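The sequence and structure are shown first.

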Amino acid sequence: MRVELDPQPQNAIPDLSVQYSPEIIRASGAFAMAPYRYSKLPLRLFEACRIATAVINGCTVCMNWRAQRDLRLLGVEGGVIDQADAPDEAMYQAVLDGDLSGLSERERLAVQFSQAMGENPRALGDDEAFWSKLKNVMSDAEIVDLTHCTAAWMAMGRVAHVLGVDAACSIGGPLAEAA
């Protein structure tokens, strides 16, 4: 980790609020968990966008994370994991590899939206052709939901990676050896 933190063997994800800026970190934690608790997006679309954002952020724990498998480790029941259309591991691996060919048009456009938001938000804001395609497959409510989910993934994934929290996390998965 990039900052000193006393050992926390009871925490799957190290809790910086124990030693640093508890009010800010707890508020950011609530922001990070809000998509999992309240998003109305289908789980497969949600997870494809989240994984694509994790790749941009470079966050190992985010790339390892599987909402259905791991959310309960943090004491969260229900929410997005109750949505229809759960992803399989092949979908996760394909998106991790940058292969969007197995996604539906709607899922692919949603992933491209999250990627553009993370890599080039100015161009995204001006791309009328892309917005037209996106609005043909997603409602305004879904776009607003996805935008806020992507913002949470971008923010907290980058925090985790920059501070090295992702390397100290004990949540396993296909990339566990990279942590």
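## Contacts of Phe-46

With neighbours within four places in sequence set aside, Phe-46 is in contact with Pro-35, Tyr-36, Ser-39, Leu-41, Val-80, Cys-149 and Trp-153. Contact here means heavy atoms within 4.5 Å.

The model is predicted: local features need pLDDT of at least 70 and side-chain atom pairs count only at pLDDT 80 or more, whereas totals for chains, interfaces and linings use all residues. Residues are numbered from 1 along each chain as its sequence is written, and side-chain values use heavy atoms, with hydrogens and water left out.

## Nonpolar core

Phe-46 also belongs to the largest nonpolar core, which has 47 residues; Tyr-36, Phe-46 and Leu-146 touch the most other members. Helices H1 (22-38), H2 (43-57), H3 (60-64), H5 (89-96), H6 (105-119), H8 (128-137) and H9 (140-163) each supply at least two residues of this core. The greatest contribution is that of H2, with 8 residues.

A nonpolar core is a set of buried Ala, Val, Leu, Ile, Met, Phe, Trp, Tyr and Cys residues joined through side-chain atoms within 4.5 Å. Buried means under 20% relative accessible area, exposed over 50%, and partly exposed in between (1.4 Å probe, protein chains only). Helices are DSSP runs (H or I, at least four residues), numbered from the N terminus.

## Largest pocket

The largest pocket has a volume of about 900 Å³. Of its 33 lining residues, those closest to the centre are Ile-13, Gly-29, Ala-32, Met-33 and Met-156. A pocket is an open set of points on a 1 Å grid over the protein atoms alone where a 1.4 Å probe fits, with protein on both sides within 12 Å along at least five of seven lines; lining residues have an atom within 4 Å of a point. The volume is the space filled by probe spheres set on the points, which are joined across faces, edges and corners.

H1, H2, H3 and H9 each supply at least two residues of the lining, and H1 gives the most, with 9 residues. The lining divides into 22 nonpolar, 7 polar and 4 charged residues. In this division, Ala, Val, Leu, Ile, Met, Phe, Trp, Tyr, Cys and Pro count as nonpolar, Asp, Glu, Lys and Arg as charged, and the others, Gly among them, as polar.

## Salt bridges

The model contains 7 salt bridges, each a side-chain nitrogen of Lys or Arg within 4 Å of a carboxyl oxygen of Asp or Glu. One of them joins Arg-44 and Glu-107, with the closest N and O atoms 2.9 Å apart. Arg-44 lies in helix H2 and Glu-107 in helix H6, so this pair ties together parts 63 residues apart in sequence. Arg-44 is buried at 15% relative accessibility, as is Glu-107 at 7%.
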